[in-house]
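Biologist: I'd like to go through this one with you. Could you start with the overall picture and then take the residues as I ask about them?

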Amino acid sequence: MVVKVGGRVLKSGVEAVLRDLVELWRAGEKIILVHGGGDIVTEYSRRMGVEPKFVVSPGGVRSRYTSLEELEVYVMVMAGKVNKEIVAKLNAMKCRAVGISGADGPTIVAERKKKIIVVDERGRKRVIEGGYTGRIVRVETHLLNQLLSHNYLAVVAPIAVDDEGTLLNVDGDQAALKIATSMKAGRVVILTDVEGLMVDGELIKEIKVGEARELIPRIGPGMNRKIIEAVEAVEAGVGEVIIASGLHEKPVTRALANQGTRITG
């Protein structure tokens, strides 16, 4: 099972998530936890005098624009502070946990985006330099398989490396779902700060990939990226993707018990 926990949940509900994961791990579940932490990166970037920049794609997907200066902060915060704090908490709960980034192994190999198309504040399309954001091209599973086979819970920071050794920022949801696809995971649980996919004020409990594709234009920034990536993962062989709130007790167990939005083939 691959679990993705977003930055806002990390700041306000991570203890409950980790307690739940430890119980599942003790019951024999093989778990890979992929964490976000964008809000924490933003906080530390500003502390260090680097103002974060966000861009919107023509498809309405909002993402962080990673300059070289922000990449340095991103790597320090994600692979250092956030990853190791999670590992320390899990170890304190008597869980065998190991934290890596996608650069270790390497595990996540990405291609640096040379140019990207963005939409400016006036709604016009512009082409800008791609910065240090990557598009994942493959996931090498050897290190993760070794960790799982030795009964470790693997904690992965969404940092990739290209074939020239350049570190890259990659989207955490994409990292989780690409890992799940390569590991042939039966299920992915994406924990966020909302109850699931909301359309016209109502929670969608279960949806097939074809229906999800049709809904994407009606979904707001942030959630639309999750749905796009989830659809691709299910089509590539992942059993199911569940998007649910991480702000409850036992949030993973709740998600598996049919809370949130379940995306299936």
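Modeller: Of the 265 residues of the protein, 51% count as buried, where buried means under 20% relative accessible area, exposed over 50% and partly exposed in between, with a 1.4 Å probe and protein chains only. This is a predicted model, in which local features need pLDDT of at least 70 and side-chain atom pairs count only at pLDDT 80 or more, while totals for chains, interfaces and linings use all residues. Residues are numbered from 1 along each chain as its sequence is written, and side-chain values use heavy atoms, with hydrogens and water left out.

Biologist: How many helices and strands does the protein have?

Modeller: There are nine helices and 18 strands, taken as DSSP runs (H or I of at least four residues for helices, E of at least two for strands) and numbered from the N terminus. The radius of gyration is 17 Å, close to the 18 Å that the globule rule gives for 265 residues, so the protein is as compact as a globular protein of that length. That radius is taken over C-alpha atoms, and the globule rule is 2.2 Å times the number of residues to the power 0.38.

Biologist: And what does the C-alpha trace span along its principal axes?

Modeller: The trace spans about 50 × 40 × 30 Å. Of the contacts with a separation of 6 or more, 72% are between residues 24 or more positions apart, contact meaning heavy atoms within 4.5 Å.

Biologist: Which residues touch the most other members in the largest nonpolar core?

Modeller: That core has 45 residues, and those touching the most other members are Val2, Ile32, Ile179, Ile227, Val241 and Ile263. A nonpolar core here is a set of buried Ala, Val, Leu, Ile, Met, Phe, Trp, Tyr and Cys residues joined through side-chain atoms within 4.5 Å.

Biologist: Take Val2, then. Buried or exposed?

Modeller: Val2 counts as buried because its relative accessibility is 1%, and it is found in strand S1, residues 2-5. Leaving aside neighbours within four places in sequence, the contacts of Val2 include Ile32, Ile179 and Val189. The C-alpha atoms of Val2 and Gly186 are separated by 8.5 Å, although the two are 184 residues apart along the chain.

Biologist: What does Ile32 contact, beyond its sequence neighbours?

Modeller: Outside the four places on either side, Ile32 is in contact with a set that includes Met1, Val2, Leu144, Val156, Ile179 and Met183.

Biologist: Switching to H3, which of its residues are buried?

Modeller: In helix H3 (residues 38-47), Ile40, Val41, Thr42 and Ser45 are buried. The buried residues of H3 pack against helices H1 (7-12) and H4 (68-92) and strands S3 (53-56) and S4 (62-65). Just after H3, Gly49 takes a positive phi of about 80 degrees.

Biologist: What about Ser101, where does that lie?

Modeller: Ser101 lies in strand S5, residues 97-101, and it counts as buried because its relative accessibility is 9%.

Biologist: Last one: where is Val231 found?

Modeller: Val231 is found in helix H8, residues 223-235, and at 0% relative accessibility it counts as buried. Leaving aside neighbours within four places in sequence, Val231 is in contact with Val209, Ala212 and Arg213. Val231 and Gly265 are 34 residues apart in sequence and 8.3 Å apart in space, C-alpha to C-alpha.
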